[in-house]
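Here's a quick tour of a protein model, written for someone new to reading structures. Have the sequence and the 3D view open as you go.

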Amino acid sequence: MSFVDRRIESRPSRGEAPFALNEVFFSRTDSRGVIVTGNYVFRRVAHYEWDELLGAPHKIIRHQDMPKGVFQVFWDTIKSGKTIGAYVKNKSKDGLYYWVYAVVVPCGDGYLSARIKPTSAVFDTVRKVYADLLSAEQNEDLSPEESAERLTQMIQDLGFDDYTQFSTHALSEELLSRDIGLKNEPDRKIAGLRKMQENAKTLVKETEGLIRDFDAMHTIPHNLRVIASRIEPAGGPVTVLSQNYGSMSRAMSDWFEAHVMGKDSNFAVIEAAVNNSLFVDCMARILKECDIQLQKERRGLGEIDMESERQVLADLVKQQLDGARKGLDQVEREAMRITNACQVMHRHFLGLSSTRVLCKIESARLPESGDTLADIIDQLGVFQERISHRLEKIAKLSTEIRALEH
């Protein structure tokens, strides 16, 4: 045993259990959460013997400082067949504690959990959130389900749409922070996916703004028709033009909202797929490090077959990356569809611009209300310019997302 090993394995009498930044450990459980295997670092940090761990419920290492709501979210997610990541405070056999960021993935008839040491700024925030949540559980007698709902609200208050989005952000932050701490080169794949994720979120915001602009513009053709009706029959041409304008703009707005917005829309698909790909890529990196850790250890794992565990890890990595690859292929297709949609919208706008020019010409022939009509038509011009700018930005973001994927 080296000096470093002896230093890590010497334990303080109180406080935090030794767990180095460059270490990673894992354990596998059955569907009930009973431990069936793990690696040496897991056993060492938890400070149990193998015969005490194997066959024991995973909650044997649960710390009393952990809110029940966190585990409610945890189990609700993995029982539905999805992966999850979470900050967890565990307790060793000798009473020491250790924090981990754990990623859990369905594995056969059970689950595999891989953990790294958290060091990012997100970790500081989470410890405060957990303390507040635990206090609420104790003072308000919250059920696990009620606590889980409170946790979700706390996550949303931090600016995230849901727990899934938060856990992906936290995991990527932890790996970036870990690279800095270990003086590793920045992970380009994570950086690229985070940029893609940022673009996807901006896409949603720009499109929501586009729908608002269309909605605001809907009243203008109506106002044109009202003014034109007051000066009939001279305002007849303006009435016809405003009707055409209103019909065209409404059709464009409805089409964009139906095909691009909504939970099953292009943008929703892109954001969800990018978020999933980022989480999976981060998780795959941790699983690969678990394999490297196993190769380094090559020491007593009780009755655990190390080569079998390495194959389990390899299969999980392949399975998860294949799924993420399909998700990014979908991102490619949807980004292309959005680009094409923007091009179609721009062509429609050429027709609207021509109609607006005709309205401008007609208003010049109506001295009684010319100024009023001109003002309204100028408002149309402002809206058209704003919408055109948004379309250009959306198309550019879609192109960038496709470029980042390759």
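Does tyrosine 98 count as buried or exposed? Tyrosine 98 counts as buried, because its relative accessibility is 0%. Here, buried means under 20% relative accessible area, exposed means over 50%, and partly exposed is in between (1.4 Å probe, protein chains only).

## Before we start

This is a predicted model, where local features need pLDDT of at least 70, side-chain atom pairs count only at pLDDT 80 or more, and totals for chains, interfaces and linings use all residues. Residues are numbered from 1 along each chain as its sequence is written, and side-chain values use heavy atoms, with hydrogens and water left out.

Helices (H or I, at least four residues) and strands (E, at least two) are DSSP runs, numbered from the N terminus, and two strands pair if DSSP finds at least two bridges between them.

Now zoom in on one pairing. Strand S4 (residues 97–107) and strand S5 (residues 110–116) run antiparallel, joined over 7 bridges. One example is valine 105, whose bridge partner in S5 is leucine 112.

## The helices

Contact means heavy atoms within 4.5 Å.

Aspartate 187 caps the N-terminal end of H8, with a side-chain oxygen 3.1 Å from the backbone nitrogen of lysine 189.

## Rings meeting rings

Rings of Phe, Tyr and Trp (its six-membered ring) pair if their centres lie within 6.5 Å; planes under 30 degrees apart count as stacked, over 60 as edge-to-face and the rest as tilted. That rule gives a count of 10 aromatic pairs. Phenylalanine 25 and tyrosine 98 are edge-to-face, because their ring centres are 6.1 Å apart and their planes are at 65 degrees. Phenylalanine 25 is in strand S1 (residues 25–29) and tyrosine 98 in strand S4, so the pair ties together parts 73 residues apart in sequence.

Tyrosine 87 and tyrosine 101 also pair edge-to-face, because their centres are 4.8 Å apart and their planes are at 85 degrees. Tyrosine 87 is in strand S3 and tyrosine 101 in strand S4, 14 residues apart. Ring pairs link Tyr87, Trp99, Tyr101, Phe123 and Tyr130 into a cluster.

Go back to phenylalanine 25, which is buried at 0% relative accessible area. The C-alpha atoms of phenylalanine 25 and cysteine 290 are separated by 6.2 Å, though the two are 265 residues apart along the chain.

Next, find histidine 63 in the loop between helix H3 (50–53) and helix H4 (68–79). Histidine 63 counts as buried, with 8% relative accessibility. Not counting residues up to four places away in sequence, histidine 63 touches Lys89, Asn90, Lys91 and Tyr97.

Terms used: Polar contact = N/O pair within 3.5 Å; in protein donor to acceptor, adjacent residues only side chain to side chain.
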